[in-house]
2 protein chains.
Amino acid sequence: MSNNLAPWRSILSRALHRNRSLTNARYFQLATINVKGEPANRTVVFRGFLEETNQLQIITDSRSEKIDQINHNSSSEICWYFPKTREQFRISGNLTIIDKNNVKQSIRVRVWQKLSDAARQQFTWPEPGQPLSDHQENFSLPTPSEKKPFPPFVLLLFTPKKVDHLELRSQPHQRIIYYLDDKKMWMTQAVNP
Amino acid sequence: MSNNLAPWRSILSRALHRNRSLTNARYFQLATINVKGEPANRTVVFRGFLEETNQLQIITDSRSEKIDQINHNSSSEICWYFPKTREQFRISGNLTIIDKNNVKQSIRVRVWQKLSDAARQQFTWPEPGQPLSDHQENFSLPTPSEKKPFPPFVLLLFTPKKVDHLELRSQPHQRIIYYLDDKKMWMTQAVNP
């Protein structure tokens, strides 16, 4: 994939800027397919783009159901709604898992080091999704060092292949589709909303 | 399925009430699987529950890609994040299409009649997702009558089978899973967040 900034990047940056007063403008919904072939959908936090790429960074826990799902089927769609400007980005693409065994440790370390203590501490909690632990003290373990990622910390890289941008503020609504052509160049098409 | 109110209904009602000052608290993200087997994810508006059931009502256009997707695979997951109370409901289940040919016309008519004129007018617009129509006047056709649903108007009924409720405000986070057992009774399980 080309490392050039895709044409939708400036549009997304503008939305992030105009909605910056809302904490949840940095949250989006990530859909994957579970091992039974059913859709799974959850809110995640946008952790910025990987430098000099169009890949979105997301973090997760290696014990999360997402990991099995992505290993089974890496395709995914982000739905990102910006309440203040009433616009939506649907971004389809594929997820790559950067876990403790991946060679790309430097990018995993960089994202770990930017986390808050509260975010880092969550990786010490008992296994997510299992029956609630009777040992509440297991949710108060010491915060791991910022130097080295705690083993269950996983960086996900989302590589977009299509972006569907919808603006609800104008009447009629405006809708533009950005997609990669056969030569991996970004193309733009205005469509009916 | 039992027509009794599921135990998660009061929890969801409370979230809707506490977030009522935010228009977008009535929006959620609906994930489906497209005909290529990839996830699709978009924001939709919650149109209330079908009376005396636990089925969520959503509206769409018969020309939308969703319809082909649901005909191919009806499984779906809703992700509903409430910004003010910082809680999330992930609702998995199946979608049923109530279009102009369905026998259940009375429920389709009831939802149509509750729509705003602006919402009704959208069903007269040119085919969604097609290259932008050169004829802008096609986006200004007369608003259809509120009496009878315009043909492309579709009601979707979402039948939940599992609800995963996560509260981020408490530390540690609280997470409860509600699921239907073999006898179609709702069960509750607290799990690690």
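## Charges over rings

Over the ring of which residue does the charged end of B:Arg120 sit? That would be B:Trp112, and the distance from the ring's centre is 5.8 Å. Keep in mind as you look around that this is a predicted model.

Chain A has an example to look at too. Here the charged end of A:Arg9 sits over the ring of A:Phe49, 3.5 Å from the ring's centre.

## Rings that pair up

Now for rings meeting rings. A pair of aromatic rings is described by how far apart the centres are and by the angle of the planes. Counting over all chains, the structure holds 26 aromatic pairs.

Another pair to find is B:Trp125 with B:Phe139. The planes of these two rings stand at 70° and their centres are 5.5 Å apart, so this pair is edge-to-face. B:Trp125 and B:Phe139 are both in the loop between helix H4 and strand E6 of chain B, 14 residues apart. B:Trp125 has 3% relative accessibility, so it counts as buried, and B:Phe139, at 4%, counts as buried as well.

Back in chain A, ring pairs build up a cluster. Its members are A:Trp8, A:Phe28, A:Phe46, A:Phe49, A:Trp80, A:Phe82, A:Phe89 and A:Trp186.

## A pocket with both chains in its lining

Next, take a look at the second largest pocket, which has a volume of about 1400 Å³. Its lining is made up of 41 residues, and the ones nearest its centre are A:Leu166, A:Leu168, A:His173, B:Thr43 and B:Gln122. Sorted by class, the lining has 16 nonpolar, twelve polar and 13 charged residues.

Which elements give two or more residues to this lining? From chain A they are strands E5, E6 and E7, and from chain B they are strands E2 and E3 along with helices H2 and H4.

## The enclosed space

How many cavities of 30 Å³ or more does the structure hold? The answer is one, and about 170 Å³ of space lies in this largest cavity. Among the residues lining it are A:Tyr27, A:Gln29 and A:Tyr81, as well as B:Tyr27, B:Gln29 and B:Tyr81. Strand E1 of chain A and E1 of chain B are the elements that give two or more residues to the lining. By class, the lining has seven nonpolar residues, five polar ones and no charged ones.

## Two residues up close

Is B:Ser64 buried or exposed? Its relative accessible area is 14%, so it is buried. You'll find B:Ser64 in the loop between E3 and H2 of chain B, where its side chain reaches the backbone nitrogen of B:Lys66 at 3.1 Å. The C-alpha atoms of B:Ser64 and B:Arg9 are separated by 29 Å, and the two residues are 55 apart along the chain.

B:Glu38 is in the loop between strands E1 and E2 of chain B. With 18% relative accessibility, B:Glu38 counts as buried because the cut-off is under 20%. Its side chain makes a polar contact with a partner in chain A, the side chain of A:Lys161, at 3.1 Å.

Conventions
Residues numbered from 1 in each chain as written. Chains lettered and ligands numbered in written order. Predicted model: local features only at pLDDT ≥ 70, side-chain atom pairs only at ≥ 80, totals over all residues. Heavy atoms only, no water. Phe/Tyr/Trp six-rings, centres within 6.5 Å; stacked < 30°, edge-to-face > 60°. Helix = DSSP H or I, 4+ residues; strand = E, 2+ residues; numbered from the N terminus. Buried < 20%, exposed > 50% of the residue type's maximum accessible area, 1.4 Å probe, protein only. Lys NZ or Arg CZ within 6 Å of the ring centre and 35° of its normal. 1 Å grid on protein atoms, 1.4 Å probe; cavity = no way out; pocket = protein on both sides within 12 Å on 5 of 7 lines; lining within 4 Å. Points joined across faces, edges and corners; volume = space filled by probe spheres on them. Nonpolar A, V, L, I, M, F, W, Y, C, P; charged D, E, K, R; others polar. Polar contact = N/O pair within 3.5 Å; in protein donor to acceptor, adjacent residues only side chain to side chain.
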